[in-house]
Amino acid sequence: DLVIMDSRVREGGGVQATLSIRELLPDTRVLMLSSFPEDDTLYAAIVAGASGFLLKHVKADELVRAVRGIFEGQSLMDPAVTTAVLRRIREGGPARDEKLARLSEREEDILGHIARGETNAEIARTLHYSERAVKKAVTRILAKLEVRRRSEAAAYYASHTQPKPRST
């Protein structure tokens, strides 16, 4: 039901693990813990689908409240990272990444849907493309980002962009 994830676990990190968990078990909630309020890790965790982000020095009673809140459907952020989030929003996010710049607007839109854990069929329905067209675009996206799996592309996108609204 809920995973308490260290942002720095091995094999791709907590963000990669969060993406995989949310892809395989979309109802599972993830509470990300980090030693430092790093902008990139925080944003990547949010985009990957984490329900909360706390610093590891959190007191036991605060952690219990956080877990209960997440079970009740709340999202939460450690107050110490709120300033970083607000600054990032005001500044409009990081400079454009060179690999993401290789993507067409259509490919970047599809990548955003991948990062939200959507299947090719779901992306095709949402964007009114054929599933075959989405599959070909995913292949191009993986090549341009120099990654092998969808989850790696999603993690790359999450760590190099700020959240974008869903297309309808």
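In strand E2 (29-34), Leu31 is the bridge partner of Ile4, strands and helices being DSSP runs numbered from the N terminus (helices H or I with at least four residues, strands E with at least two). The model is predicted, so local features are given only where pLDDT is at least 70 and side-chain atom pairs only at pLDDT 80 or more, while totals for chains, interfaces and linings use all residues. Residues are numbered from 1 along each chain as its sequence is written, and side-chain values use heavy atoms, with hydrogens and water left out.

E1 and E2 run parallel and are joined by five bridges; strands count as paired if DSSP finds at least two bridges between them. E2 then pairs with E3 in the parallel sense, over four bridges, and here Leu33 stands opposite Leu54 in E3. Next along, strand E3 (residues 52-55) pairs with E4 over two bridges, again in the parallel sense, with Met77 of E4 as the bridge partner of Phe53. Put together, this gives an open sheet of four strands in the order E1-E2-E3-E4 with parallel pairing. Strand E1 (2-6) and strand E4 (76-77) stand at the edges with a single partner strand each, so one side of each has no neighbour in the sheet. Helix H3 (residues 60-71) packs on the sheet and touches E1, E2, E3 and E4, its direction making about 150° with that of E2. Such angles run from 0 to 180 degrees between N-to-C directions, with axes fitted as lines to C-alpha atoms, for helices over the stretch in contact.

What about E2 itself? Five of its six residues are buried, so E2 is largely enclosed by the rest of the structure. Buried here means under 20% relative accessible area, exposed means over 50%, and partly exposed is in between (1.4 Å probe, protein chains only).

Now to the helices. H6 and H8 pack at an angle of about 95°, with their axes 10 Å apart, and are therefore roughly perpendicular to each other, a label for angles of 65 to 115 degrees. Residues of H6 in this contact (heavy atoms within 4.5 Å) are Arg106, Glu107, Ile110, Leu111 and Ile114, which meet residues of H8 including Val134, Val138, Ile141 and Leu145. By class, this contact has nine nonpolar, no polar and four charged residues; Ala, Val, Leu, Ile, Met, Phe, Trp, Tyr, Cys and Pro count as nonpolar, Asp, Glu, Lys and Arg as charged, and the others, Gly among them, as polar. Helix H6 (residues 105-115) also packs against H9 at about 105°, with the axes 9 Å apart.

The largest nonpolar core has 37 residues, and Met32, Phe53, Leu100, Ile110, Leu111, Ile114 and Leu145 have the most contacts inside it. A nonpolar core is a set of buried Ala, Val, Leu, Ile, Met, Phe, Trp, Tyr and Cys residues joined through side-chain atoms within 4.5 Å. Among the elements giving two or more residues to this core are E2, E3, H6 and H8. Apart from it lies another core, of eight residues, including Leu54, Val58, Val67 and Leu76.

His128, in the loop between helix H7 (120-127) and helix H8 (131-145), has a positive phi near 60° without being glycine, and is exposed at 67% relative accessible area. Glu146, in the loop between H8 and helix H9 (150-160), also has a positive phi near 60° and is exposed, at 53%.

Notes. Angles under 35 degrees count as roughly parallel, over 145 as roughly antiparallel, 65 to 115 as roughly perpendicular and the rest as oblique.
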